[in-house]
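Have the sequence and the model open side by side. We will walk through a sheet, then a pair of helices.

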Amino acid sequence: MGLTNKQLPKLGFLYLDYVLRFFDHSNFKGWPNKIETVTYHWKNDKDRFIKEVKRKKIDVLIGNIPATAYETFREIARALPHVRFIPSMDTQFSNKSKENVTRFAWKYDLPIPKTYIYYKHDNADKFLKKCDYPKIIKKSYGPSNYGGYFVHKVDSYKEARELYDDKQYHPQYFQDFIPMEADIRVMLIGHKPVCAFWRRAPEGEWLTNTSQGGSMDYMDVPKNVLDLAVKVSKAANAEYWAVDVAYGIDGKVRILECATAFAAFPYIRDWIGQYIMWSLSEGRFRKPHAPMFNWEELGKMDASILRTLRHIHFGNYNASYDGAYFGKKRKLFGENEIYLHVLDSEYKMHDVKRRWSEEWPSEKWNYQDNLALKPSAKSKKKDFKNAPSPTNDESAESTQEEFEITKKELKEFLTSIDGIGNKKVDSIVNHFGDVNEVIGVLHQNTSMLTEVKGITKKLVSKITKAWSKLIK
């Protein structure tokens with residue numbers, strides 16, 4: 001079963017100068033074909049990078065994009081429509097900024113601390129004068145792993161004003177302060193939690209980052225935290241993912257951060273590599289099995305051991321003599337006491353497929369560049385032209401309108417092509433899942449339409465010509 005060596009897609013590692021590498025060849029142990037490497041050298045390297053990917057005939061580029069290169073790689077991905085990026089640019093949307101995390105959460109109605117984003121600093125100042133304190137002020141854009149150094153707690157307008165005057169953060173991004181018992185990081189592969197741990201602040205402090213003196217432990221991560229992490233991972237269509245969840249003293253859980261760029265032990269990166277191999281090979285390679293709450297047992301080891309463990313394999317549970325003892329192990333989880341191995345069927349590792357539609361196009365969502373601070377022509381003071389009104393509503397979305405083609409409009413376009421009727425249109429939409437996915441295929445890889453019964457190469461050629469003419 002699975003693809004032969006010749007049928008396997010050609011893989012490439014996406015590296016960037018001066019950026020730590022998340023994967024290397026050892027994480028893809030057993031892959032039979034050569035894995036290429038392509039390194040982005042910053043500055044004006046976009047065109048050369050695109051040419052190298054094409055020259056090496058890479059089908060799948062694997063690697064995280066740092067915040068400062070995200071928009072450039074949006075353009076690169078569009079120039080390489082036949083190349084699958086893992087994770088996709090849409091999945092990595094939250095890597096770019098805390099603002100993007102917030103907008104992602106707003107769209108999918110995910111719980112977060114009440115958040116305020118102001119591009120008009122005068123309006124932010126008016127709000128800060130009348131709002132309740134304390135507030136958490138954060139630098140929105142920049143490195144994904146701050147270690148808490150760009151997160152500040154202010155207890156008054158005076159403190160907020162002094163901080164913004166000193167730091168010059170733009171946009172002005174702040175949240176209501178949520179008293180927490182701790183926060184919990186959950187790492188997922190194929191939407192399945194594979195590691196989770198508490199991070200607790202030192203006594204009398206509020207920051208939980210271990211770099212700031214916080215402590216961590218792996219025991220008894222609650223069900224509602226794992227369920228929220230799975231929901232967030234599915235919303236992002238993430239092959240691998242990490243979520244930081246605030247566990248409030250009010251008993252509520254809220255998202256603090258989420259991204260594909262996170263610190264992970266080597267064995268977790270091995271699991272991700274093996275998962276990607278399994279997914280891309282149509283099952284030729286073994287899907288990694290990470291039993292639920294494996295982290296509780298592994299977490300009993302010294303951290304120095306965890307940092308060197310490689311290629312850990314767990315067996316699936318079956319009711320044999322060898323599994324008799326472990327099969328009787330139960331855990332209080334939610335409101336019930338459950339056999340541990342039963343949880344593996346509740347929290348499955350899914351095969352995350354490529355989406356062909358573009359969910360977060362930069363024309364709409366690149367607020368950082370579209371609304372950057374610019375010197376006024378008449379003054380050295382900062383000026384804000386065409387900035388949108390800030391939102392005080394944590395469930396609000398962008399004020400801009402997003403163009404979407406309807407199923408009716410798509411049907412009218414396709415049926416205008418000789419040889420395509422209503423039944424074939426329905427078959428195309430049903431095959432790819434929805435209208436947006438069909439639009440993505442039309443934009444990026446029309447040859448995939450031959451997967452649909454009754455759609456020949458000749459018809460695809462007609463569709464391609466008609467689509468190219470339509471979007472000109």
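Strand β1 (residues 11–16) pairs with β2 in the parallel sense, over five bridges. Strands here are DSSP E runs of at least two residues, helices are H or I runs of at least four, and both are numbered from the N terminus. Two strands pair if DSSP finds at least two bridges between them. The model is predicted: local features need pLDDT of at least 70, side-chain atom pairs count only at pLDDT 80 or more, and totals for chains, interfaces and linings use all residues. Residues are numbered from 1 along each chain as its sequence is written, and side-chain values use heavy atoms, without hydrogens and water.

Now widen the view. The open sheet has four strands in the order β2-β1-β3-β4, with parallel pairing. β2 (36–40) and β4 (84–86) are the edges; each has a single partner strand, so one side of each lacks a neighbour in the sheet. From one strand to the next, the twist averages 30 degrees. Helix α1 (residues 46–55) packs on this sheet and touches β1, β2 and β3 (60–62). Contact means heavy atoms within 4.5 Å. The direction of α1 makes about 175 degrees with that of β2.

Next, the helix pair. The axes of α14 (residues 407–415) and α15 (residues 422–432) come within 10 Å and cross at roughly 125 degrees. Therefore α14 is oblique to α15. Axes are lines fitted to C-alpha atoms, for helices over the stretch in contact, and angles between N-to-C directions run from 0 to 180 degrees. Under 35 degrees is roughly parallel, over 145 roughly antiparallel, 65 to 115 roughly perpendicular, and the rest oblique. On the α14 side, K407, L410, K411, L414 and T415 make the contact; α15 supplies N422, V425, D426, I428 and V429.
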